Amino acid sequence: MDLELFFADVDAQPWAELRHAYGAATDVPGHLRALAGEDEEAASEAVSELYSAILHQGSVYGATAHAVPYLARLAGAGYRTEDLLVLIGGIAEGGADDGDTDEAACRAAVVDQLPLILSSADAEEPGLRCAAVWAAAMTGAADRVLPVLRRLRETEEHPRVRAELIGAVARLDPAGTAAVAGAAIGGPEPDEVRVVALLACVDGGLPWGPEHHGAMLSLLPADGLVVDHLDQERNEPLQYVVEALLRRDTDADRDAAHALLDAALRSTDPEARTEALWAAEQACLLSRSAPERLAGVVPALAADPDALPAAYSLLQKLGPHAAAAGPELARIAGGEGDPADRALETLVLVAPDLAAPLLARDLGRRPRALRAAGGPLFGVVVGTRSLPCDEALLAAIRARLVAEDIEDHEPIPLLYLLASWGTGAAAALPELRSALPRFPAAVPRTLVAVCPPEHRAETARLLTAAAVSGPENGRLAAARAVRELTGETGPLKEVVAARLLDGDDVQEAAELAAGLGTEAPELVPALRAALSDPGSDRVTPRMDCDIAVASALWRITGDAAQTVPVLAGVLAETGRMWMRWTLRRAARAAAAMGGAARPLVPPLEELLTDRLHAPAAVLALHAITPETLDGPRTAGLLLDSAEADADAELALEALVLLGPAALTEDHRRRLTALAEQDLRVRSSGVEPTICPADEQLREQAREAARSLG
């Protein structure tokens with residue numbers, strides 16, 4: 001290849017007008033030059049930079065399609081051929097088959113390079129053959145690719161390439177490949193081929209039978225058999241098979257998946273058991289029945305104390321279903337150091353009754369266990385129940401609250417536990433009062449929770465003093481606690497006004513002002529002053545503050561003149577990212593205004609087209625103009641959101657508001673499925689919260705089904 005002519009062509013392209021993940025694609029020519037240079041390190045870095053820019057986390061852009069022909073020409077000339085074929089294949093994988101989109105343009109650009117790609121499928125180097133086979137399959141051009149791959153499969157002898165060929169053909173023709181793959185799983189093929197053939201059987205929809213079960217177990221540990229394969233979706237075979245079977249969502253396939261996990265978890269091979277533990281964890285995140293179905297293997301896991309720590313993460317997901325491991329966990333938790341803490345952390349979620357006295361024994365040196373015991377994670381309660389109000393644990397918490405070496409973050413879980421015990425923890429009042437100056441923002445809420453009637457006057461005096469003259473960062477919490485404890489609003493009004501005027505904690509202060517309602521007309525000037533300039537470029541936190549301030553003005557004055565424009569400004573910001581919660585707050589604020597928010601109907605109706613925002617919009621529209629909502633159509637939109645886990649909780653809340661008359665028989669069937677199906681509705685988020693959040697959603701769906709008849 002004449003590089004001078006090649007790069008003259010490259011430089012003539014409008015890269016400055018093309019976009020990739022980081023903006024204008026002006027850096028692409030430099031990366032292409034590095035690929036053709038003699039500096040191996042620079043060439044490797046160029047490959048990495050191209051992945052980051054034009055195939056960013058699987059996403060493609062306008063510049064991506066434009067770069068494909070140049071990448072292909074370099075690959076065809078022998079410059080980083082294998083790397084570039086994999087990159088081109090990834091671009092095809094991120095593409096689409098039709099439409100006027102960047103994705104479709106990228107797929108089409110790679111399809112245009114199929115002659116080059118397929119010519120490399122006969123290369124001498126096995127790695128290069130694998131890259132070419134994979135890239136060709138990613139194009140989806142079955143009519144052009146399948147005949148070549150099937151011909152190559154007849155003569156290919158290298159195990160890795162044979163495996164890649166089976167996987168590629170299965171991707172393009174899953175049903176047609178299943179029979180061939182089924183014959184390979186028990187034959188004389190190398191294990192690398194057998195495992196890919198087994199995955200092809202699953203992809204082809206073949207019933208999972210004893211021969212598949214036995215083959216999968218015989219191949220464990222299987223991760224190493226696919227370590228060099230390019231198909232990242234299938235690089236953990238056992239997990240892939242289990243998830244595929246569970247997603248079929250039939251009783252027979254669920255039985256097969258759980259039987260496979262049960263057998264794999266009982267393996268005496270540590271590496272096989274490691275793969276099984278990971279697959280079992282993922283099953284729990286996917287299937288509601290998995291924790292209960294896997295309970296039977298817990299005694300076997302607990303029988304090997306040396307291997308048990310590797311199972312802690314799974315046991316935590318099993319929760320009370322792993323209670324059989326409680327005694328062994330308690331034995332390990334009775335030891336010293338981090339091993340004991342990790343065991344106790346698991347015991348808190350599995351058998352809290354056993355955990356409480358052990359946590360009390362060495363409270364200051366059990367940070368993992370304390371975090372597990374200490375309340376919701378991102379608003380979701382992870383454990384099924386909190387630790388019991390154990391006398392020894394209560395005494396240990398009291399001592400720890402006033403200890404000299406207590407860390408700044410440590411009181412949060414301690415205070416949560418005390419608050420969860422209510423007045424049963426009243427003995428801790430002296431320590432809580434002593435800890436108030438040191439932790440002024442955290443202690444007041446717990447003081448209110450544990451305070452019995454006979455101590456309210458004394459506690460109120462202490463909190464009032466903290467609200468008036470205590471540390472600045474605790475005055476709002478103390479004033480709020482005074483109101484909760486006595487109903488007295490004076491200290492709260494003073495602190496809220498100060499916060500609004502100095503710009504600190506504006507959102508929280510405004511929300512507290514809204515709670516005071518018509519009792520707080522003196523806060524109106526400070527609230528008006530706290531609103532941002534309508535012409536300013538507001539970030540999301542600023543808009544959240546404005547919503548809270550505008551809502552407080554409405555609650556106090558009943559005048560919509562200032563509130564409606566603020567909410568309208570927020571609702572117009574649908575094009576911004578990360579607006580889910582902000583738009584939800586705006587819609588709730590509009591709902592609280594009822595008919596006074598009628599000018600907001602048009603922007604709220606526009607939100608109905610977005611599954612993520614539709615539940616909040618329906619909630620508001622139902623409060624403002626319920627007569628304009630088409631009941632059955634609206635119910636369908638809400639169920640669409642709930643099924644997609646797009647603000648599912650609010651969708652169910654709004655569905656109940658619509659009432660039984662809005663639901664068709666199909667709607668009722670879909671609502672029942674949300675409550676009773678095996679596949680989890682909630683499938684994303686911080687991992688420890690996924691299962692408990694889904695269980696909460698399931699109970700909400702059941703209650704909705706009951707209330708809607």
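So, by class, how many nonpolar, polar and charged residues does the lining of the largest cavity have? The lining has 10 nonpolar, two polar and five charged residues. Here, nonpolar is Ala, Val, Leu, Ile, Met, Phe, Trp, Tyr, Cys and Pro, charged is Asp, Glu, Lys and Arg, and the others, Gly among them, go down as polar.

Before I go on, this is a predicted model, where local features need pLDDT of at least 70, side-chain atom pairs count only at pLDDT 80 or more, and totals for chains, interfaces and linings use all residues. Residues are numbered from 1 along each chain as its sequence is written, and side-chain values use heavy atoms, with hydrogens and water left out.

Back to the holes. A cavity is a set of points on a 1 Å grid over the protein atoms alone where a 1.4 Å probe fits but cannot get out, and lining residues have an atom within 4 Å of a point. Points are joined across faces, edges and corners, and the volume is the space filled by probe spheres set on them. That gives four cavities of 30 Å³ or more, and the largest has a volume of about 200 Å³. Of its 17 lining residues, Gly167, Ala168, Val196, Asp231 and Arg234 are the closest to the centre. Helices H8 (126-138), H10 (159-172) and H12 (191-203) each supply at least two lining residues, and H10 gives the most, with six. Helices are DSSP runs (H or I, at least four residues), numbered from the N terminus.

Next, the aromatics. Rings of Phe, Tyr and Trp (its six-membered ring) pair if their centres lie within 6.5 Å, and planes over 60 degrees apart count as edge-to-face. The structure holds three such pairs. In one of them, Phe6 and Tyr70 have ring centres 5.8 Å apart and planes at 70°, so that pair is edge-to-face. Phe6 sits in H1 (residues 3-11) and Tyr70 in H4 (residues 62-76), so the pair ties together parts 64 residues apart in sequence. Both Phe6 and Tyr70 are buried, meaning under 20% relative accessible area (1.4 Å probe, protein chains only). Ring pairs link Phe6, Phe7, Trp15 and Tyr70 into a cluster.

Key. 1 Å grid on protein atoms, 1.4 Å probe; cavity = no way out; pocket = protein on both sides within 12 Å on 5 of 7 lines; lining within 4 Å. Phe/Tyr/Trp six-rings, centres within 6.5 Å; stacked < 30°, edge-to-face > 60°. Buried < 20%, exposed > 50% of the residue type's maximum accessible area, 1.4 Å probe, protein only.
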